Amino acid sequence: MGEQPIFTTRAHVFQIDPNTKKNWMPASKQAVTVSYFYDVTRNSYRIISVDGAKVIINSTITPNMTFTKTSQKFGQWADSRANTVFGLGFSSEQQLTKFAEKFQEVKEAAKIAKDKTQEKIETSSNHSQSPSSLVASALWYFRRPGLPSLASSVNGTDDEKASHAGPANTHLKSENDKLKIALTQSAANVKKWEIELQTLRESNARLTTALQESAASVEQWKRQFSICRDENDRLRNKIDELEEQCSEINREKEKNTQLKRRIEELEAELREKETELKDLRKQSEIIPQLMSECEYVSEKLEAAERDNQNLEDKVRSLKTDIEESKYRQRHLKVELKSFLEVLDGKIDDLHDFRRGLSKLGTDN
């Protein structure tokens, strides 16, 4: 029947850096399919992942492996046979949990399968030794001191027939009957064990054949893998060549784009220069008019400067007059102040004179 997939998911695959043993190196450029496979013939489990034609994971699960969650979406396990550590990055925590649970389940199944295989090997070993051991035990039993030999126990001797009678003869007959039954059972058990031994030998032969077929299948897989690897290397080289050609084409396109842009810039500059040239030609046509206007403006400017000079002279004279007026005002204020003081004195004298008159009128 071969191998059958029992669980499939998608994840980004990583491998530990063999040099530093610390950094992760991506084994796939994008999320790829990661599957659990069960081999019915070998009774074994593997994790397999293929990226295109490249096998990036081929890890046989053993009972001593452990899957460890290092973050919410990342897990890892070590494979001693491959001498590396695989890491898987999932898109969700739920996918990581399902993969970890399946890993534990498959690990337990691998442990049970290993125990069963060990039991079969031990049973086969025991069964292959049981018939000879049983025959040896039976011979030892009949050769013990104090017991008759096998032939004498079954048939009896002439002396015993003559000398023993009554209860002793009955006892010997019962012993002989027991020995006959034991011998019959032993022979039957020997035949049964011989049949089981033959069955186990046939089973071992079938297992050997299956192992040889598996080895041949492994060799075939190796050859196919080598062919695929060579094909992959050839395709990679072809891809590298195509990428180099694409890079050259892209560089040429970029150069063409730059040249087109430069041509457009030069054409724009040329149009601007032509526009400026037209403007200059138009301006050259109105230069005489502008010269006459400039002379007229210059005359106006000279007249305005003369008027401005006259106005400045007037302003200076007005400032002088204002200064003199301020000086006269200050002089008048001083004189007025002194006059007001004299007037206040005179008014006080009049008040005193009036009070004196009023007082004389009152006395009269």
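A quick definition before we click: two strands pair if DSSP finds at least two bridges between them. Helices (H or I, at least four residues) and strands (E, at least two) are DSSP runs, numbered from the N terminus. This is a predicted model, where local features need pLDDT of at least 70 and side-chain atom pairs count only at pLDDT 80 or more, while totals for chains, interfaces and linings use all residues. Residues are numbered from 1 along each chain as its sequence is written, and side-chain values use heavy atoms, with hydrogens and water left out.

**Stop 1: the whole thing.** Show everything as a cartoon. The protein has five helices and eight strands, and along the sequence they run β-β-β-β-β-β-β-β-α-α-α-α-α. Of its 364 residues, 16% are buried (under 20% relative accessible area with a 1.4 Å probe, protein chains only; exposed is over 50%, partly exposed in between).

**Stop 2: colour by confidence.** pLDDT is the predictor's confidence in each residue, from 0 to 100. Its mean here is 81, and 84% of the residues reach 70 or more. Helix 2 (residues 150-155) has the lowest confidence, with a mean of 38, and strand 8 the highest, at 94. Now select residues 127-165: pLDDT is below 50 there, and the stretch has 30 contacts in the model beyond near neighbours in sequence (contact means heavy atoms within 4.5 Å). Where pLDDT is low, the predicted coordinates should not be read in detail.

**Stop 3: strand 8.** Select residues 84-89, which make up strand 8. Is strand 8 mostly covered or mostly open? Covered: five of its six residues are buried. On to its partners. Strand 1 (residues 3-16) pairs with strand 8 in the antiparallel sense over four bridges, and valine 13 has leucine 88 as its bridge partner in strand 8. Strand 7 also pairs with strand 8, again antiparallel, over six bridges. Look for glycine 75 opposite leucine 88, and phenylalanine 74 opposite glycine 89.

**Stop 4: the two hairpins.** Zoom in on the turn between strand 7 and strand 8. Four residues sit between the strands of this hairpin, and asparagine 83 takes a positive phi near 55°. Then step back to strand 6 (residues 68-69), which is joined by two bridges to strand 7 (residues 74-79), the two running antiparallel. The hairpin linking strand 6 to strand 7 goes through four residues. Lysine 69 stands opposite glycine 75 in strand 7.

Stop 5: Next, centre on isoleucine 57. Leaving aside neighbours within four places in sequence, isoleucine 57 is in contact with Val13, Ile47, Ile48, Ser49, Trp77, Phe86 and Leu88.

**Last stop: cysteines.** Select cysteine 246, which counts as partly exposed because its relative accessibility is 42%. Cysteine 294, at 44%, is partly exposed too.
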